[in-house]
Amino acid sequence: MSKDFETAKKFSNSWNNVYNPSVYTYEQVTEWIAPWNVNEMKGQSVLELGCGSGAILDHLQKICNISLTGIDLGSCVDTARKLLNENVNIIQADLTDHKYILSLLGRFDRCYTIGVLHHLREPQKGFESLIELTKPGGYFHAWVYAHEGNWIVRIFVEPLRIFANQIPWWFNKFIIALPLSVPFYFYAKLCSLLKKFGFSNLRIPLFDYMLWISIRDFRFHHHVVFDQLVTPTTHYIKRERIEKWLKHPLIEPDSIYIKFRNGNGWKFGGRIKTR
Ligand SMILES: C[S@@+](CC[C@H](N)C(=O)[O-])C[C@H]1O[C@@H](n2cnc3c(N)ncnc32)[C@H](O)[C@@H]1O
């Protein structure tokens with residue numbers, strides 16, 4: 001059995017009960033996958049590792065002529081299949097088992113993973129799948145929680161997550177996450193207000209992230225708090241670890257990028273050498 005089985009099972013409690021399986025906006029999705037440009041993806045095969053409810057694929061499927069595949073280990077694949085049109089191929093599998101996925105699906109022009117590697121028992125194995133499942137000359141891209149900028153989450157939220165992920169999901173969602181979402185929501189709105197009054201570079205916790213989330217409604221904030229508390233495994237990944245990963249011999253050294261996102265995450269990626 002996969003080491004991530006428990007994590008995927010618990011995330012499925014979140015995705016199978018989310019208020020809207022297509023929970024992101026188009027702008028969120030295009031920013032998440034940038035520097036990729038959706039126009040460059042036309043006519044290509046694209047794989048998402050850890051697709052959850054299919055919320056990202058849902059926006060990509062509206063762009064014509066991308067051949068889309070999503071992989072997730074949890075029962076949320078059923079939610080994704082209901083959300084997405086039948087041309088999107090959704091597979092229930094362990095994304096760290098790249099040999100199996102390769103034998104089933106082959107390689108893709110592009111392969112991405114958003115918000116997944118930091119929840120794996122062995123994040124490096126997920127990274128290796130990202131590389132192995134991308135064609136020579138193809139592109140890979142990922143977003144993970146950063147160690148940097150997340151000290152407040154690591155100190156105050158992590159102890160709660162370790163407890164909360166073990167209780168029934170509905171208790172966690174409605175008795176723990178819901179009340180916590182109220183101050184979270186108002187803090188985000190306060191940050192947004194401060195920005196409007198010209199305070200754009202405040203050195204207060206998670207300021208840039210709050211600006212990012214503040215444009216969304218209360219239900220989205222609640223979803224994010226529950227998503228944070230539902231999982232048994234979370235790593236906060238240091239830039240130097242990503243730098244080591246990106247020294248992989250299959251990666252074109254000139255193509256790599258690592259960008260600090262919203263003050264609390266890393267977006268990174270590059271291109272696979274033409275072998
Ligand atoms: C935070 S969610 C992200 C979902 C989606 N990428 C998004 O951004 O909405 C993490 C997802 O990774 C999946 N996952 C965790 N470990 C996995 C594994 N070993 N193989 C496949 N999926 C896995 C979980 O089931 C969950 O749906």
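This is a predicted model: local features need pLDDT of at least 70, side-chain atom pairs count only at pLDDT 80 or more; totals for chains, interfaces and linings use all residues.
View A. H5 passes H6 in a right-handed crossing. On the H5 side the contact is made by His98, Ile101 and Leu102, and on the H6 side by Glu128, Ser129 and Glu132. Sorted by class, this contact of H5 with H6 holds two nonpolar, two polar and two charged residues.

**View B. Axis geometry of the H5 and H6 pair.** Two packed helices are described by the angle between their axes and by the distance between the axes. Here H5 spans residues 98–105 and H6 spans residues 123–132. The two helices pack at an angle of about 25°, and their axes are 10 Å apart. Angles under 35 degrees count as roughly parallel, and H5 and H6 are therefore roughly parallel to each other.

**View C. The shell around the ligand.** Of the 25 residues around the ligand, those that come nearest are Asp4, Ala8, Gly50, Gly52 and Leu73. By class, the shell has 13 nonpolar, eight polar and four charged residues.

View D. H1 gives the most, with four residues.

**View E. The chain that holds these sites.** Eleven helices and seven strands make up the secondary-structure elements of the chain. Its radius of gyration is 18 Å, close to the 19 Å that the globule rule gives for 275 residues, so the chain is as compact as a globular protein of that length. Taken along the principal axes, the C-alpha atoms fill a box of roughly 50 × 40 × 35 Å.

Methods:
Residues are numbered from 1 along each chain as its sequence is written. Axes are lines fitted to C-alpha atoms, for helices over the stretch in contact, and angles run from 0 to 180 degrees between N-to-C directions. Angles under 35 degrees count as roughly parallel, over 145 as roughly antiparallel, 65 to 115 as roughly perpendicular and the rest as oblique. A crossing is left-handed if the near helix is turned anticlockwise from the far one by less than a right angle, and right-handed if clockwise. Two residues are in contact if their C-beta atoms, placed from the backbone, lie within 7 Å. Ala, Val, Leu, Ile, Met, Phe, Trp, Tyr, Cys and Pro count as nonpolar, Asp, Glu, Lys and Arg as charged, and the others, Gly among them, as polar. A residue is near a molecule or strand if its C-beta atom, placed from the backbone, lies within 6 Å of it. The radius of gyration is taken over C-alpha atoms; the globule rule is 2.2 Å times the number of residues to the power 0.38.
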